[in-house]
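Me: I would like to learn how to read a protein model, one feature at a time. Could you walk me through this one?

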Amino acid sequence: MRNKKKLMVLQLDEKMKSFRGTEKVMNPPQGWIAVIRMSLNMTMEQLGKKLGITKGAVQKLEEREAAGRISLNKLKAVGDALNLHFVYGFVPIDGTLENLVDRKAKEMARKIVFRTHYTMQLENQGIAEDKINQSIIELADELKRNMKRSLWD
């Protein structure tokens, strides 16, 4: 990766550290708003009053959240009304963004090297497995350094 892009990836990885482990938290089927409201023994009318909306609007809000059709701004407003921080973020499946870039670069390098190797085999010019693996590593390193957009195709 170029220095600037590598630095950006490392900085984002540092920010995302706080979210590690949160991917294991399961969203309640009826949504967070309803679960929190009911846990606090708060009525829809009471939450509506805090939000400046009607009981029916609170019900719609809860339904939209449960269906995954609620805006981030609405969730933040509910959090503010309930004195809760609304948290939003992503957790890399590969652990870090750097690991994601590394995996994608290796996948692309493997495809390129094996495509070339296959063509060379057809011409009776194949190379040994250790040379193939070394070529994959070197090409993956180059792909990471340059971090071209084609990495994400």
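Predicted model: local features only at pLDDT ≥ 70, side-chain atom pairs only at ≥ 80, totals over all residues.

Me: How do the residues of the lining of the largest pocket divide into nonpolar, polar and charged?

Reply: To read a lining, sort its residues by type. Here the lining divides into 18 nonpolar, 7 polar and 1 charged. The pocket holds about 870 Å³ of space, and among its 26 lining residues, Asn 27, Trp 32, Phe 86, Val 87 and Tyr 88 lie nearest the centre.

Me: Which elements give two or more residues to the lining of the largest pocket?

Reply: Those are helix 2 (32-39), helix 4 (55-66) and helix 5 (72-81). Helix 5 provides the largest share, with 4 residues.

Me: Which residues have the most contacts inside the largest nonpolar core?

Reply: For a core, look for buried nonpolar residues joined through their side chains. In this model the largest core has 15 residues, and Ala 109, Leu 143 and Leu 151 have the most contacts inside it. Helix 1 (3-16), helix 6 (97-122) and helix 7 (129-146) each give two or more residues to this core, with the largest share, 6 residues, coming from helix 6. A second, separate core has 10 residues, including Ile 33 and Val 78.

Me: How are the rings of Tyr 88 and Phe 90 placed, stacked or edge-to-face?

Reply: Check the angle between the planes: over 60 degrees counts as edge-to-face. There is 1 aromatic pair here. The ring centres of Tyr 88 and Phe 90 are 5.8 Å apart and their planes lie at 65°, so this pair is edge-to-face. Tyr 88 is partly exposed, at 48% relative accessible area, while Phe 90 is exposed, at 56%.

Definitions and conventions: Residues numbered from 1 in each chain as written. Heavy atoms only, no water. Phe/Tyr/Trp six-rings, centres within 6.5 Å; stacked < 30°, edge-to-face > 60°. Buried < 20%, exposed > 50% of the residue type's maximum accessible area, 1.4 Å probe, protein only. Core = buried A, V, L, I, M, F, W, Y, C linked by side-chain atoms within 4.5 Å. 1 Å grid on protein atoms, 1.4 Å probe; cavity = no way out; pocket = protein on both sides within 12 Å on 5 of 7 lines; lining within 4 Å. Points joined across faces, edges and corners; volume = space filled by probe spheres on them. Nonpolar A, V, L, I, M, F, W, Y, C, P; charged D, E, K, R; others polar.
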